[in-house]
Amino acid sequence: MTHPPLTLRVHMDGAIFRRFALYDAFVRQGRRRSLALFSGILLAAALACALLRHQAEQALLLTWVLGLIAVGLPLVYYASYRLSIRQQIKAMGIAAPRYVYTVTIHPRDGITAHVGQEPTTYPWPSIHAAHRCPSATYVYVTPQRSYLLPHDQMDGGASALWHMLEEALPPSKRFPRPSSTK
């Protein structure tokens with residue numbers, strides 16, 4: 001079934017960008033796994049030190065140091081990442097909602113983005129991936145470049161958009177996420 005093109009004028013604000021940046025870094029790029037692995041290794045070493053506390057001098061101190069690093073360093077990393085997002089929001093001037101681009105999704109031709117003066121068209125085979133999240137769909141035209149499509153800003157909601165993406169993209173490029181997951 002052929003659908004009419006879907007056009008979306010995207011207005012970005014800090015909350016939309018923050019949700020995207022956190023999803024992109026910690027879910028799509030898998031940084032949460034790296035942080036969990038780091039913490040797990042250090043906590044295992046701390047546990048080994050705790051078990052050796054009666055046989056080795058300063059083992060209890062090393063247990064506390066490793067435990068604090070295992071928990072503290074990932075928390076500091078996450079906090080500094082959130083701070084960098086806040087600085088990006090200020091630099092981009094999107095603390096309050098403002099128009100950033102228009103995206104038109106053509107059922108047969110692909111995606112056309114109007115950023116500034118020149119429109120850019122991305123044919124369907126060149127689209128890298130589409131990720132559906134509870135509040136927005138992120139269409140990655142390359143692994144490093146994406147268009148944020150907030151669901152509350154589109155006519156027909158996310159289901160109309162996602163239906164078009166299901167018809168145009170192979171399953172290996174679609175990453176649906178149930179709307180109940182946050």
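Two strands pair if DSSP finds at least two bridges between them. Helices (H or I, at least four residues) and strands (E, at least two) are DSSP runs, numbered from the N terminus.

The model shown is predicted: local features need pLDDT of at least 70, side-chain atom pairs count only at pLDDT 80 or more, and totals for chains, interfaces and linings use all residues. Residues are numbered from 1 along each chain as its sequence is written, and side-chain values use heavy atoms, with hydrogens and water left out.

**View 1. Pairing of strand 2 with strand 3.** Strand 2 (residues 98–106) and strand 3 (residues 110–114) are joined by 5 bridges and run in the antiparallel sense. Val 103 has Ala 113 of strand 3 as its bridge partner. Both strands belong to an open sheet of 4 strands in the order 1-2-3-4, whose pairing is antiparallel. Strand 1 (6–12) and strand 4 (119–122) are the edge strands, each pairing on one side only. From one strand to the next, the twist averages 20°.

View 2. Ala 136 stands opposite Pro 150 of strand 7.

View 3. Axes are lines fitted to C-alpha atoms, for helices over the stretch in contact, and angles run from 0 to 180 degrees between N-to-C directions. Contact means heavy atoms within 4.5 Å.

**View 4. Helix 2 against helix 3.** Helix 2 (residues 31–51) packs on helix 3 at an angle of about 170°, with the axes 7 Å apart. Helix 2 is therefore roughly antiparallel to helix 3 (angles under 35 degrees count as roughly parallel, over 145 as roughly antiparallel, 65 to 115 as roughly perpendicular and the rest as oblique). The crossing is left-handed; this term applies if the near helix is turned anticlockwise from the far one by less than a right angle, and right-handed applies if clockwise. Among the residues making the contact are Leu 35, Phe 38 and Leu 42 of helix 2, and Leu 66, Ile 69 and Leu 73 of helix 3. By class, the contact of helix 2 with helix 3 has 17 nonpolar, 3 polar and 1 charged residues. Ala, Val, Leu, Ile, Met, Phe, Trp, Tyr, Cys and Pro count as nonpolar, Asp, Glu, Lys and Arg as charged, and the others, Gly among them, as polar.

**View 5. Helix 1 against helix 3.** The axes of helix 1 (residues 14–28) and helix 3 (residues 59–92) come within 10 Å and cross at roughly 140°. This angle makes helix 1 oblique to helix 3, and their crossing is right-handed. The contact includes Phe 17, Leu 22 and Phe 26 of helix 1, together with Tyr 78, Ile 85 and Met 92 of helix 3. The residues of the contact of helix 1 with helix 3 divide into 11 nonpolar, 2 polar and 2 charged.
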